[in-house]
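This report goes through the structure shown below. It takes up charged pairs, helix packing, the surface and some individual residues in turn.

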Amino acid sequence: MAATLSRAVDVHCTLQPTSDSNRPFFLTSPLIRLPNRRRFFTISCSSSSSSRSPPKPPPDYEDIHPQNPSLSDQLKSLSTTLLNQTPQQAQLLTKPKSTWVNPTRPKPSVLNLQRQKKSQQHLYNPQVRDLKHFARKLDECENSEAAFMAAIEEMPHPPSRENSLLVLNSLRQWQKTLLFFNWIKTQKLFPMETIFYNVAMKSLRFGRQFQLTEDLAFDMIDNGIELDNITYSTIITCAKRCSLFDKAVEWFERMYKTGLMPDEVTYSGVIDVYAQLGKVEEVMSLYERGRASGWAPDHIAIAVLGKMFGEAGDYDGIRYVLDEMKSLGMQPNLVVYNTLLEALGKAGKPGLARSLFLEMIELGVTPNEKTLTALVKIYGKARWGRDALDLWERMRSNGWKMDYILCNTLLSMCADLGLEEDAERLFDDMKGSMTFKPNSWSYTAMLNTYGSLGNVDKAMKLFDEMSETGVEVNVMAVTCLIQCLGRAKRIDDLVRVFEFAMERGVQPDDRMCGSLMSIISYFEEGKDVDKVIALLQQANPELVSFIKLLEEEKTSFETIKEEFRGIMRATEVEARRPFCNCLIDICRDGNLHERAHELLYMGTVYGLYPGLHTKTPDEWRLNLRSLSVGAANTAFEEWMRTVTKVIEQKEELPKLFTASTGAGTHKLAQGLASAFESQVKRLAAPFRQSEEKAGVFLATREDIIAWAQLKAPSLAITS
DNA sequence: ACACTCCTGC
């Protein structure tokens, strides 16, 4: 759906160049030279069948460091030489200490933490029951210290260490946890150990109270209470849940520097933090380090890696994860399958996703709603409507579980593929079902189906139905309808729908503004444009002022630059490129070609068009796939201007010039190839549609030079 | 959730 409204946003794996001073501790250490990613894959592929510990270093590394120690040895020297720690601390590196090791089990190996199985006995233990009941009472009492102190008098059993822990761990409200924690602290019946802090932090994390969690940690440090792996992983995951990724990293580094070796849970948690920050290099280093020190990654770590590579659309990475599982002898579980399916979808491998799905069924793993949602998305994106609908049938006959997200994903896929009848059938099914009546997402998907097919009357009728049945009228649904009405040039209806939405309290967002702007760019000047501009004025007055400024001939480039920056700063990241595209279109429609070039320039400077232009000695490429028609034309002119300059200065040119517009499987992108073709024709430029690949245009150096000498001067003047 | 920490979809 998002892709329909603002042109498909490509996933760009942007690995930020990190300056050395900002690098994580484990990457800056001079003793450790971790393989870079490319090399990393080479290693893992060649040794995929053997055990991976210690990993074989890349060949050139051996050349440079003839006596290279294994990574785990390196880790050891890191701990003893760099960290200045006591022998006990050094011990921690090889024998991580868990506060809870079951003595009846064998001693844990390096990172293999034994976890305590939970027993069910408490259900029959009256004392436990009393204390849990008491905890419930505390939870329910008024949130004031006085009320709490009164309630605490009722504690049914003495506040011994064990009883206190039980109560502390049974409280649900973080406020109560904190009050109870402080109370047992002041009772001084026993010393406060690490576990009391850990349990309290768990509750604070549930309440998303990072600051208070951190305060507790500082309290531990002040009072000389040891922070263990559980403490650190709780702090880290709390930061993560509060989206404070930097804090998560900061605490991980702090742990590392104290010489504490991360255990399996902390590893997975931190790897996830780095993955969410898009720091692929850090993730791989940490993963490799863990592996080198004897860590056997579990399903969770594998899922985290799979998700990360999926987000980056990195198929090599996904392959690597699959190989890793094979070499670990690991059978994927449901979550891992789900993650990998989705990752394969994002990497554009629908066929492989389907085989993986079949494998999973073969092995008797029952798919859940998330599995099916992922598959429907993949099939939809691949335009395999039939497969997705077959899957739907299969779900119904097998009685696989359904939920809202799955239904709505199916509906949305129907919208993207223009499967009106199937969408209607599914929508009617939902209306007839007891559990999943259409909600605002369902209505939005349905509106999008009608809208993209230009079925304006059905869309309007459905919108009326939506507002009458009490389903929340959301900004997305309104945007779909507005887009549809705009394209049908039914501006008075559009205005009515907009005003109605405002009365219903809908908050216009950037995507809606983008829609309004794109409608503005469809029209010639006149009454209709003024009406849409008036709506944009209500939704985002700054944008209207900026458009006026663009149209003002005397506005200086400096001013445009300044204002453009302000606009983009205030715009959600995913809406920035569509905004810039629309603004360029508006300029071109208003014959403000130089302004369009200025906007494109600034868009490029702000990174809105990554990979627009790439060069190799043999080939120069222009990738127009995320651009609007106006922006694409502007970019092409700019490209040809550059080429002309290069020719004038008699510099090297490549043999081949390539411009890709995309084949247009996506409905909004469809026009780009033909628009490009007519632009090329208008300029008489020597680009020809490639015969092997749709949506790719080629020109040779000789043709370009001949053309540039004849025609190019006109580029600067007329366009 | 009788002592704890990590992962999946509109």
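Predicted model: local features only at pLDDT ≥ 70, side-chain atom pairs only at ≥ 80, totals over all residues.

K431 belongs to helix α24 and E465 to helix α26, so the pair links distant parts of the chain, 34 residues apart. K431 is partly exposed, at a relative accessible area of 32%. E465 also falls in the partly exposed class, because its relative accessibility is 24%, and the limits of that class are 20% and 50%.

A salt bridge also joins the side chains of E424 and K458, at 3.1 Å from N to O. E424 sits in helix α24 (residues 420–432) and K458 in helix α26 (residues 456–468), so this pair ties together parts that are 34 residues apart in sequence. E424 has a relative accessible area of 22% and is partly exposed. K458 is partly exposed as well, with 34%.

## Other charged pairs

Over the whole structure, a search finds 29 salt bridges. One of the pairs is E193 with R161, whose closest N and O atoms are 2.7 Å apart. E193 lies in the loop between α10 (174–187) and α11, whereas R161 lies in helix α9 (residues 161–170), so the contact ties together parts that are 32 residues apart in sequence. Both ends are partly exposed: E193 has a relative accessibility of 29%, and R161 has a relative accessible area of 26%.

For K431, the relative accessible area of 32% makes it partly exposed. Elsewhere, D457, R490, D493 and R496 are joined into one network by salt bridges that share partners.

## Packing of α11 and α12

How do helix α11 and helix α12 run relative to each other? Helix α11 covers residues 194–206 and helix α12 covers residues 210–222; their axes come within 9 Å and cross at roughly 170°. Angles over 145 degrees count as roughly antiparallel, and the two helices are therefore roughly antiparallel to each other.

On the α11 side, the residues in contact are T194, Y197, A200, M201, L204 and R205. Their counterparts in α12 are L212, T213, L216, A217, D219 and M220.

## The chain as a whole

Chain A contains 37 helices and five strands. It has 719 residues, of which 50% count as buried. Among its contacts between residues at least 6 apart in sequence, 67% join residues at least 24 apart.

## A nonpolar surface patch

Y601, V605 and Y606 make a nonpolar surface patch of about 320 Å². V605 is part of helix α34, which spans residues 593–605. Is V605 buried or exposed? Its relative accessibility is 53%, so V605 counts as exposed, given that the exposed class begins over 50%.

## Residues with positive phi

R383 is not a glycine, yet its phi is positive, at about 60°. R383 is located in the loop between α21 (369–381) and α22 (385–398). With a relative accessible area of 40%, R383 is partly exposed.

N591 is another residue other than glycine with a positive phi, near 60°. N591 is in the loop between α33 (573–589) and α34. Its relative accessible area is 64%, so N591 is exposed.

D263 is in the loop between α14 (245–257) and α15 (264–276). D263 is buried because its relative accessible area is 5%, and buried means under 20%. The C-alpha atoms of D263 and N229 are separated by 6.7 Å, although these residues are 34 residues apart along the chain.

A150 is found in helix α8 (residues 145–152). With a relative accessible area of 46%, A150 is partly exposed. Its C-alpha atom is separated by 9.8 Å from that of L138, which is twelve residues apart from A150 along the chain.

Key
Residues numbered from 1 in each chain as written. Chains lettered and ligands numbered in written order. Heavy atoms only, no water. Patch = residues over 30% accessible without salt bridge, like charges linked within 9 Å, V, L, I, M, F, W, Y side chains within 5 Å. Areas by Shrake-Rupley, 256 points an atom, 1.4 Å probe, with all protein chains shown as cover. Salt bridge = Lys/Arg side-chain N within 4 Å of Asp/Glu carboxyl O. Helix = DSSP H or I, 4+ residues; strand = E, 2+ residues; numbered from the N terminus. Buried < 20%, exposed > 50% of the residue type's maximum accessible area, 1.4 Å probe, protein only. Axes fitted to C-alpha atoms, helices over the stretch in contact; angles between N-to-C directions. Parallel < 35°, antiparallel > 145°, perpendicular 65-115°, else oblique. Contact = heavy atoms within 4.5 Å.
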